[in-house]
Amino acid sequence: AVARSLGSCIFCKIIKGEIPSFKLIETDLSYSFLDIGPLSKGHALIIPKDHAAKLHELPDEYLADVMPIAKKIANAQGLENYNILQNNGRIAHQVVDHVHFHVIPKPDASDDEG
Ligand code: 5GP
């Protein structure tokens with residue numbers, strides 16, 4: 001299937017390189033990069049290259065590509081404590097209407113960057 005793209009979508013623009021981003025891992029189906037407003041150091045986003053606003057609108061093949069990337073990011077950063085977050089809909093705090101998974105490191109309380 002051909003990936004959908006939406007001209008007005010900021011994450012589609014990031015995939016196309018029209019908006020710069022700090023790329024982490026890219027596959028045929030997904031793109032991951034650092035969040036511009038990190039909740040902690042290393043806060044990453046993983047997005048499917050197919051434009052779907054919400055999780056239930058995304059084809060399974062794209063969905064299946066995401067978690068192995070989350071695992072690679074966690075391993076690459078040596079994370080032991082972290083949250084995976086995925087919001088759908090305004091009431092559930094979704095701001096960007098293109099499916100995205102947050103990988104949010106949870107620094108140790110003794111860490112100065114905490
Ligand atoms: P949401 O609340 O929709 O789950 O999260 C959207 C996330 O996208 C936020 O954490 C926000 O900082 C991030 N974000 C929004 N615009 C950009 C951008 O242009 N570049 C990057 N790297 N992150 C963005």
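User: Which residue in E3 is the bridge partner of Ser30?

Analyst: The model is a predicted one, in which local features need pLDDT of at least 70, side-chain atom pairs count only at pLDDT 80 or more, and totals for chains, interfaces and linings use all residues. Residues are numbered from 1 along each chain as its sequence is written. E2 and E3 pair in the antiparallel sense over 5 bridges, where pairing requires at least two DSSP bridges between two strands. In E3, the partner of Ser30 is Pro48.

User: Which residue of E2 is the bridge partner of Glu26?

Analyst: Strand E1 covers residues 23–26 and is joined to E2 by 2 bridges in the antiparallel sense. The two strands form a hairpin with 3 residues between them. Within E2, the partner of Glu26 is Tyr31.

User: How many of the 5 residues of E2 are buried?

Analyst: A residue is buried if 20 or more other C-beta atoms, placed from the backbone, lie within 10 Å of its own, exposed if 12 or fewer do, and partly exposed in between. Across the 114 residues of the protein chain, 23% count as buried. E2 is largely enclosed by the rest of the structure, because its number of buried residues is 4.

User: What pattern does the protein chain follow along its sequence?

Analyst: Helices (H or I, at least four residues) and strands (E, at least two) are DSSP runs, numbered from the N terminus. By that criterion the protein chain has 2 helices and 5 strands. Read along the sequence, their order is α-β-β-β-α-β-β.

User: What is the radius of gyration of the protein chain?

Analyst: The radius is taken over C-alpha atoms, and the globule rule is 2.2 Å times the number of residues to the power 0.38. For 114 residues that rule gives 13 Å, and the protein chain is close to this, so it is as compact as a globular protein of that length. Its C-alpha trace spans about 45 × 30 × 25 Å along the principal axes. The radius of gyration is 14 Å.

User: How many residues has the largest nonpolar core?

Analyst: Such a core is a set of buried Ala, Val, Leu, Ile, Met, Phe, Trp, Tyr and Cys residues joined through C-beta atoms within 7 Å. Ile15, Ala44, Leu45, Ile46, Ile47 and Val103 have the most contacts inside the largest core, whose residue count is 17.

User: How many residues of the shell around the ligand are charged?

Analyst: The ligand is surrounded by 14 residues, the closest being Ile36, Gly37, Asn87, Val95 and Val96; a residue is near if its C-beta atom, placed from the backbone, lies within 6 Å of the molecule. Ala, Val, Leu, Ile, Met, Phe, Trp, Tyr, Cys and Pro count as nonpolar, Asp, Glu, Lys and Arg as charged, and the others, Gly among them, as polar. The shell holds 8 nonpolar and 5 polar residues, and the charged count is 1.

User: Is His93 buried or exposed?

Analyst: His93 lies in the loop between strand E4 (82–85) and E5. Its phi is near 75°, a positive value in a residue other than glycine. With 9 other C-beta atoms within 10 Å, His93 is exposed.
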